[in-house]
Amino acid sequence: DKGNHRHFMAKEIFEQPEVIGHTLANYVNPVDETLRLPKLPIDLATVPHITIIACGTASYAGLVAKYWFERFARISVEVDIASEFRYREAALPAGGLAIFISQSGETADTLAALRYCKAHGQTILSIVNVAESSIARDSDVIMRTHAGPEIGVASTKAFTCQLVALAALAIGTGLARGTIDAADEPRLVRTLLETPRHVAEMLSRDSEIHALAGEIAKVRDVLYLGRGHFFPIALEGALKLKEISYIHAEGYAAGELKHGPIALVDENVPVIVIAPVDALYEKTISNMQEVIARGGKVVLISDREGLDRAGDQVWAKIEMPKVDPLIAPIIAAIPVQLLAYHAAVAKGTDVDQPRNLAKSVTVE
Ligand code: M6R
């Protein structure tokens, strides 16, 4: 049932405040403002290394989590896509933690990578949306996302639910290791609990994004740029756009621009820059200026202050609410979903069933 929406994808995008809330309810206690994580067979305080493996959008959730684990828990983290990981004979430290992320729980490459990690002495923690699934069954610990059934081939609500579960796990790991002060736990929990409200606020800007998507639908190529934890959101924005609108799109780390992709920039290639005000804002904005200087059309996704500071040479602006950096990548995922959705609708593609794609990739 699509409710009042034309497509499952739209319904699922707009369900996000609710399902993120459901997912969070499993991992935090709002009354005493503490985390509530599942018991692990290993001690997070001493675990030597974390390996995160997934495919597609789920792998981008893993990439965001890498920034969180490193910042909050000061632990070494490796992220790989399952199809590469499974054959590259990875050397894994004894007693490590391997995290698998999958909406369906049935992705063949992810399951094969899980079995490799199991055979190599890793504790297996899976973040899955479908509880009755192969990946869930083969794991030592499961953290379910409570996104509800995701029908649209393009993953949206599963992604943001994966992100909040991973944020809770990264903070829990930091608390266990003492790299986060125990006194900070209530504030961090409150910040996580603010996510649904800010996602709703972001969704309320849908009509502006819709108007802009009409322009994006006319182009052949789009670049997405982000730094730090917004780099995976740039990758996600590009994947979302290409899979449902068939517009060629690439996500890049903003600092990589001058190492090649800037050669593509002209007035026909919009560049979507994700840069709320934070410690890296100035760096990303200087990359944005390089794009503008070459006649590129920039769409800047930032908060009010960031949009104001960026000046008036920006072609289009999408305003994000001002949020704590912890949850900023989750909020930034929303405008790139909406942009892809409306661009695809404007092009008249089959949004929920894009050509050549399956919801669950059970063959390698
Ligand atoms: O079910 P999974 O989360 O394991 O699926 C992983 C990818 O196939 C999936 O995220 C895919 O990239 C989506 N179509 C992206 O929107």
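Threonine 191 sits in helix α8, which covers residues 185-193; helices here are DSSP runs of H or I with at least four residues, numbered from the N terminus. Threonine 191 is buried, its relative accessible area being 5%, where buried stands for under 20%, exposed for over 50% and partly exposed for in between (1.4 Å probe, protein chains only). Beyond its neighbours within four places in sequence, threonine 191 is in contact with Asp324, Leu326 and Ile327, contact being heavy atoms within 4.5 Å.

All of this comes from a predicted model, in which local features need pLDDT of at least 70 and side-chain atom pairs count only at pLDDT 80 or more, while totals for chains, interfaces and linings use all residues. Residues are numbered from 1 along each chain as its sequence is written, and side-chain values use heavy atoms, with hydrogens and water left out. As for confidence, the mean pLDDT of the protein is 97, and 100% of its residues reach 70 or more; pLDDT is the predictor's confidence in each residue, from 0 to 100. For the complex, the predictor gives an ipTM of 0.99 and a pTM of 0.98.

The largest nonpolar core has 96 residues, and Trp68, Phe69, Ile99, Leu192 and Tyr224 touch the most other members. Such a core is a set of buried Ala, Val, Leu, Ile, Met, Phe, Trp, Tyr and Cys residues joined through side-chain atoms within 4.5 Å. Helix α14 (residues 328-347) supplies the largest share of this core, 13 residues. Apart from this core lies another, of 21 residues, with Val265, Val269, Val271 and Val314 among them. Back at isoleucine 99, the residues touched include Ile50, Ile52, Phe69, Leu125 and Leu169, leaving out those up to four places away in sequence.

Helix α7 is also well wrapped up: 18 of its 21 residues are buried, so α7 is largely enclosed by the rest of the structure. Running over residues 157-177, α7 reaches 30 Å from its first C-alpha to its last, close to the 30 Å expected at 1.5 Å a residue; the expected span is 1.5 Å times one less than the number of residues.

A search of the whole structure turns up 1 aromatic pair. Rings of Phe, Tyr and Trp (its six-membered ring) pair if their centres lie within 6.5 Å, with planes under 30 degrees apart called stacked, over 60 edge-to-face and the rest tilted. Phenylalanine 85 and tyrosine 116 have ring centres 5.6 Å apart and planes at 90°, so the pair is edge-to-face. This pair links distant parts of the chain, 31 residues apart, with phenylalanine 85 in helix α4 (residues 82-85) and tyrosine 116 in helix α5 (residues 108-119). Both phenylalanine 85 and tyrosine 116 are buried.

Charges sit over rings too, meaning that NZ of Lys or CZ of Arg is within 6 Å of the ring centre and within 35 degrees of the ring normal. Lysine 297 lies over the face of tryptophan 315, 4.9 Å from the ring centre, and arginine 355 lies over the face of tyrosine 246, at 3.8 Å.

Finally, a couple of partly exposed residues. Arginine 304, in helix α13 (residues 304-309), has a relative accessible area of 40% and touches Glu319 and Met320, not counting residues up to four places away in sequence. Alanine 25, in helix α2 (residues 16-25), comes out at 41%.

Note on methods
Helices (H or I, at least four residues) and strands (E, at least two) are DSSP runs, numbered from the N terminus.
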